[in-house]
Amino acid sequence: MIELQGLTKTYAGKNVVEDISLRVESGEFGVLIGPSGCGKSTTLRMINQLIPLSRGRILLGDEDVSRLKPEQLRRRMGYAIQSIGLFPHWTVAENIAVVPNLLKWPRARVDARIDELMNLFHLEAGEYRDKYPHQLSGGQAQRVGVARALAADPEVLLMDEPFGAVDPLTREVLQNEMLRVHEQTRKTIVFVTHDMDEALKLASKVAILNQGRLVQYDRPIELLVDPADGFVSDFIGKADLGLKLLSRRWVDQYCRPPCLERDSGAGRHSWEVDADGRPLALHGGRLSDDGEARTAVNGEWIATPEMTMKEALSRMVWFRVMVLPVIDQAGKLIGEVTMEGVMGRQP
Amino acid sequence: MTASSDRAGRLVANRVLLTLWVAALLASALLPFAAMAPNRLVSGEAIKLIVALTTWQSAGLALLALLLALAALSRPLSATQGLRLTLVVAPLTLLLTLYALGDYAGRALAEASPAARVSQGAAFWVLVFCTLLMIVDAFQRLRAPLWVGGAYGLALVAAIAGLFASGQFNALSILNEYFNIQDAFADQLLTHLRLVGLALAPALAIGLPLGLLAHRRPALRGSLFGTLNFFQTIPSIALFALLVAPLSALGDSFPLLRELGVKGIGAAPAIIALIMYSLLPVVRNTHAGFAGVAPATLEAARGMGMTRRQVLWRVEIPLALPVILSGLRIVTVQAIGLTVVAALIGAGGLGAFVFQGLGQYAIDLVLLGAVPTIALAVVADFLLQILVAISRPAGGR
Ligand SMILES: Nc1ncnc2c1ncn2[C@@H]1O[C@H](COP(=O)(O)OP(=O)(O)OP(=O)(O)O)[C@@H](O)[C@H]1O
Ligand SMILES: [Mg+2]
């Protein structure tokens, strides 16, 4: 867990970061986003004390980081930057091993860790272990940079536009890898970007900064549905952003238990299932509010857990229903996704 | 470019080699190869190459010249073959030239008075320099690894040393001069090296930290470089002379310092002047080396949790080292040369022979000081070049 309390940075009388308070819970993926010069990097670099803060407090767990020696603190926090900054005189393996070596891990443990991380980032250890940074492609170098940041199993990972300098295709790949790595390691991450798509794709929570101030700190869907002010809606208000977001969400994230009781209240719907638990029909739940209409389930207006929410939404719209049955591979009804769910909840 | 001029241009593969070849040929035809004098102090009668050489030697030299011309052309040999041929033929030409001079001296003196002297002429020097340049040029074009050049150079030096050792040159005037001052020569050579070492060690001890300081404190940079630049603009003789008065005053007023060797003349002012000259390149290169380390690398190093010390020793110094050592290479070569001038204020060194020779109008004595100085500088330059190459990070930059 990392918490900023009233964080402020003043350069020559001007607050470039002003009174920022936010909290990234353990295992969360927090993203800082905002226009160029709004203070994202400054905020990040205050967290690991590369820049001294002017006012405020930073808590790592329940420790005030100002009580820690900067070097000790930084060894507990991974740090990856856009320009990567691999050490040109060291091999890939030596680069990854920097922090473990600073922490004086035994040789064998360092070696095992190098292999483990290269594996995690799909870098063939046999081929790349002894390569020098200048022999790597941009994407590979960036992977090594992130692997290096993760090497000593830090409590927190700080990343400053780590994928800013690679081409869109590679960026997409790296983002997916980042999601997977986050899934696997459940690290607490503070990630800086100026790319809204990237923020929406990766973040558990997004902090929108403007001119050094925190404008809104929320889950991505809430930013879309409930922007704090005109700046936020302008900033995220690109036409298909909602759909983009849903195309990166999966049905199982929105799935809730199915309603099987009939007559459970006005305007409610219910499912009719056969002996094997397969959905036969939907009562109610239609766009037009004739609550009792029975709609037979056919092979097309169903959802599966691994379907994107965008796809599920488009089926609802197409079949004019407010709810879709979610079925497993055997065809059994395991849950439902609803129109309100899309709008209201965000896993 | 039209097709025909292109073809004409392509006839010559190696213009540098051709130019050197023509220069050597013209010098051999027009300038004296050797000089024959009745005694040490008068300048002698000029002897042309064609006169000095035996028929066989001339024929051999002509054959080697033909081969070199062949190496310079684009056909029938490929460019690489031409360069390889150059690397075989040019040193043979050099050795034959040296051998022929010694041989001529021996033959000429056999029938002359004991006081008679044979010394080398302009054509000899031109031949030596042209063949050496051909070799250097060929190596640069081949991009051969440094150690190959080193081994080759060593073999060439060994061959020439062999000629010396065999007594081939003993008849030459310069060797006569050498035999006269043999003991002094060894002394002065050592003195020369000691002066260089005594100047370089403090120059590094002061210059390296100053270079780091210039890097860390941009505010100091201007005045620091200004001061060091100023030293550099003072002509060396003037600087040596300027130091004489204050140092003799110091030495006179503090007997302890005087005992330590602080005197108006001698080694002290020479070393101080050499240090002053060496500081600028050391400081400048140290600063450039540190400034060349990418900011992202430094940010990463700090962000990873290295202490300032660790950043300095593990990241900055290894990455700056090649540039710093290039600075050392510059000042070493420079100090070897400048130490010659230091002889003027009584510091000794090989310069002593140069000025003694100039005073007596004995050119051989001048050469006896100058040629070893050049050789020292070349060797030092080469060794430091190897050091720079080794220090370059394996990953390149
Ligand atoms: N050392 C400094 N002295 C004075 N002002 C600074 C300094 N460092 C940063 N700033 C200012 O602070 C502001 C925030 O900079 P910061 O690097 O945090 O922006 P950013 O949000 O990361 O922008 P970008 O997206 O372009 O990277 C900028 O206006 C910048 O000019
Ligand atoms: Mg930034």
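**Notebook: ligand 1 and the cysteines**

I began with the contacts of ligand 1 and found that one of its oxygen atoms is 2.5 Å from an N or O atom in the side chain of Ser36(A). I note at once that this is a predicted model, and that the values here are computed from it.

I then looked at Gly37(A), where a polar backbone atom is 2.8 Å from an oxygen atom of ligand 1. For Glu161(A) I looked up the side chain, and a polar atom of it lies 3.5 Å from an oxygen atom of the ligand. Turning to surface, I found that ligand 1 taken alone exposes 640 Å², of which the protein buries 57%.

Next I listed the residues around ligand 1, and among them are Tyr11(A), Val16(A), Cys38(A), Gly39(A), Lys40(A), Ser41(A) and Thr42(A), besides the Ser36(A), Gly37(A) and Glu161(A) already noted. Sorting this shell by class, I got three nonpolar, five polar and two charged residues. I also asked which element gives the most to the shell, and the entry reads helix H1 of chain A, residues 40-47, with three residues.

Last, I turned to the cysteines. How many disulfides are there over all chains? I counted zero, taking a pair of cysteine sulfur atoms within 2.5 Å as the test.

Definitions and conventions
Residues numbered from 1 in each chain as written. Chains lettered and ligands numbered in written order. Predicted model: local features only at pLDDT ≥ 70, side-chain atom pairs only at ≥ 80, totals over all residues. Heavy atoms only, no water. Near = heavy atom within 4 Å. Polar contact = N/O pair within 3.5 Å; in protein donor to acceptor, adjacent residues only side chain to side chain. Areas by Shrake-Rupley, 256 points an atom, 1.4 Å probe, with all protein chains shown as cover. Helix = DSSP H or I, 4+ residues; strand = E, 2+ residues; numbered from the N terminus. Nonpolar A, V, L, I, M, F, W, Y, C, P; charged D, E, K, R; others polar.
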